[in-house]
Amino acid sequence: MKHILITTIVAALLVGCAKNDIKLTNKGVKDWQEIEIKAGGQVFEVEKLKGGATDTLRFKSKVEDGGQVGGKLDGLAHNVEFGYFTPNLSNRHEIIFDDNGTITIVEVP
């Protein structure tokens, strides 16, 4: 009985700590600007991601929703939808920005 109680408490604590990691990677040499990421009921803004640079966002989802990322390269806006976020589960994604204007989403196990 004691074992079941301890297991239940540990499981509840782990669920409450569900965090999301989103890694931003600029694979090109051009700077991406005005990057906006919406995920888990939150909005994150990155002024500039220089060529070859990486950045990581770590957060806990506040609501259930899908993710969106947008940014500008050479003055042109690019947008992509990705993933699904919920307060009870952790997600890990890598968002890859390239010089040809593509934004690629990779789900990381």
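**Exercise 1. The nonpolar core**

Task: Find how many residues the largest nonpolar core has, and which of them have the most contacts inside it.

Solution. The largest nonpolar core holds 18 residues. Ile22, Leu24, Ile35, Ile37, Val69, Ile95 and Phe97 have the most contacts inside it. A nonpolar core is a set of buried Ala, Val, Leu, Ile, Met, Phe, Trp, Tyr and Cys residues joined through side-chain atoms within 4.5 Å. Buried means under 20% relative accessible area, exposed means over 50%, and partly exposed lies in between (1.4 Å probe, protein chains only).

This is a predicted model: local features need pLDDT of at least 70, side-chain atom pairs count only at pLDDT 80 or more, and totals for chains, interfaces and linings use all residues. Residues are numbered from 1 along each chain as its sequence is written, and side-chain values use heavy atoms, with hydrogens and water left out.

The largest share, 4 residues, comes from β2. Strands are DSSP runs of E, at least two residues long, and helices are runs of H or I, at least four; both are numbered from the N terminus.

Leaving aside neighbours within four places in sequence, Ile35 is in contact with Phe44, Glu45, Val46, Leu49, Val69, Gly70, Gly71 and Phe97. Contact means heavy atoms within 4.5 Å.

**Exercise 2. Aromatic pairs**

Solution. Start with the method. A pair of aromatic rings is described by the distance of the centres and the angle of the planes. Rings of Phe, Tyr and Trp (its six-membered ring) pair if their centres lie within 6.5 Å; planes under 30 degrees apart count as stacked, over 60 as edge-to-face and the rest as tilted.

The structure holds 4 aromatic pairs. Trp32 lies in strand β2 (residues 32-39) and Phe97 in strand β7, so the pair ties together parts 65 residues apart in sequence. Both Trp32 and Phe97 are buried.

Phe59 sits in strand β4 (residues 54-59) and Phe85 in strand β6 (residues 76-85), so the pair ties together parts 26 residues apart in sequence. Phe59 is buried, at 5% relative accessibility. Phe85 is buried too, at 0%. Phe44, Phe59, Phe82 and Phe85 form one aromatic cluster.

**Exercise 3. Salt bridges**

Task: State how many salt bridges the whole structure has, and work through the one between Asp21 and Arg58 and the one between Asp74 and Lys30.

Solution. Side chains of opposite charge can pair when their charged atoms come close. A salt bridge is a side-chain nitrogen of Lys or Arg within 4 Å of a carboxyl oxygen of Asp or Glu. A search of the whole structure finds 5.

Asp21 and Arg58 meet in a salt bridge at 3.3 Å, N to O. Asp21 is in strand β1 (residues 20-26) and Arg58 in strand β4, so the pair ties together parts 37 residues apart in sequence. Asp21 is partly exposed, at 23%. Arg58 is exposed, at 63%.

Asp74 and Lys30 meet in a salt bridge at 3.0 Å, N to O. Asp74 lies in the loop between β5 (65-73) and β6, and Lys30 in the loop between β1 and β2, so the pair ties together parts 44 residues apart in sequence. Asp74 is exposed, at 56%. Lys30 is partly exposed, at 34%.

**Exercise 4. A buried charge**

Task: Locate Glu94 and find the nearest side chain of opposite charge.

Solution. Glu94 is in strand β7 (residues 92-97). Glu94 is buried yet has no salt bridge. The nearest side chain of opposite charge is Lys23, 4.4 Å away. Here Lys and Arg count as positive and Asp and Glu as negative; His and the chain ends are not counted.

Then check for a polar partner. The side chain of Glu94 makes a polar contact with the side chain of Thr25, at 2.7 Å. A polar contact is a pair of N or O atoms within 3.5 Å; within protein, one must be able to donate a hydrogen and the other to accept it, and residues adjacent in sequence count only if both atoms are side-chain atoms.
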